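Student: I'd like to learn how to read helix packing and salt bridges in a model like this one. Can we go through it together?

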Amino acid sequence: MPKPTRAKDPVPAWIIRERKRLGLKPQDLADRLTAMGLPVVVGTVRTWEAGRNPHPDNVEGLERIFGTRSPDYMAGSRP
């Protein structure tokens, strides 16, 4: 019997949604963040998408790449 799936937390779901919206692969996203001075490997992007929240510096980089605010920002949990 398959395991029931649960909804992704807001930040990982946002990363997946926005990355796909831009037509990027996890490696592409890691490359863009690294080019911005935020050294990230593809495995890190995958861990974020699996449920681990990124460091605030990386969230800011993701926001610049995606052109949208993270759900944490929108929920008021960040200054």
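Student: At roughly what angle do the axes of helix α1 and helix α4 cross?

Tutor: A quick word on the model first. It is predicted, so local features need pLDDT of at least 70 and side-chain atom pairs count only at pLDDT 80 or more, while totals for chains, interfaces and linings use all residues. Residues are numbered from 1 along each chain as its sequence is written, and side-chain values use heavy atoms, leaving out hydrogens and water.

Tutor: Helices here are DSSP runs (H or I, at least four residues), numbered from the N terminus. Axes are lines fitted to C-alpha atoms over the stretch in contact, with angles from 0 to 180 degrees between N-to-C directions. In this model, α1 (residues 10–21) and α4 (residues 56–66) have axes that come within 10 Å and cross at roughly 30 degrees.

Student: Is the crossing of α1 and α4 left-handed or right-handed?

Tutor: Left-handed means the near helix is turned anticlockwise from the far one by less than a right angle; clockwise is right-handed. α1 passes α4 in a left-handed crossing.

Student: Which residues of α1 and α4 meet?

Tutor: Contact means heavy atoms within 4.5 Å. On the α1 side you have Trp14, Ile15, Glu18, Arg19 and Arg21, and they meet Val59, Leu62, Glu63 and Phe66 of α4. Sorted by type, that contact has 5 nonpolar, no polar and 4 charged residues.

Student: How many salt bridges does the count come to?

Tutor: The rule is a side-chain nitrogen of Lys or Arg within 4 Å of a carboxyl oxygen of Asp or Glu. That gives 4 salt bridges. Among them, Arg19 pairs with Glu49, with the closest N and O atoms 2.5 Å apart. This pair links distant parts of the chain, Arg19 in α1 and Glu49 in α3 (residues 42–50), 30 residues apart.

Student: Are Arg19 and Glu49 buried or exposed?

Tutor: Buried means under 20% relative accessible area, exposed over 50%, and partly exposed in between (1.4 Å probe, protein chains only). Arg19 is buried at 8%, and Glu49 is buried at 9%.

Key. Helices (H or I, at least four residues) and strands (E, at least two) are DSSP runs, numbered from the N terminus. Ala, Val, Leu, Ile, Met, Phe, Trp, Tyr, Cys and Pro count as nonpolar, Asp, Glu, Lys and Arg as charged, and the others, Gly among them, as polar.
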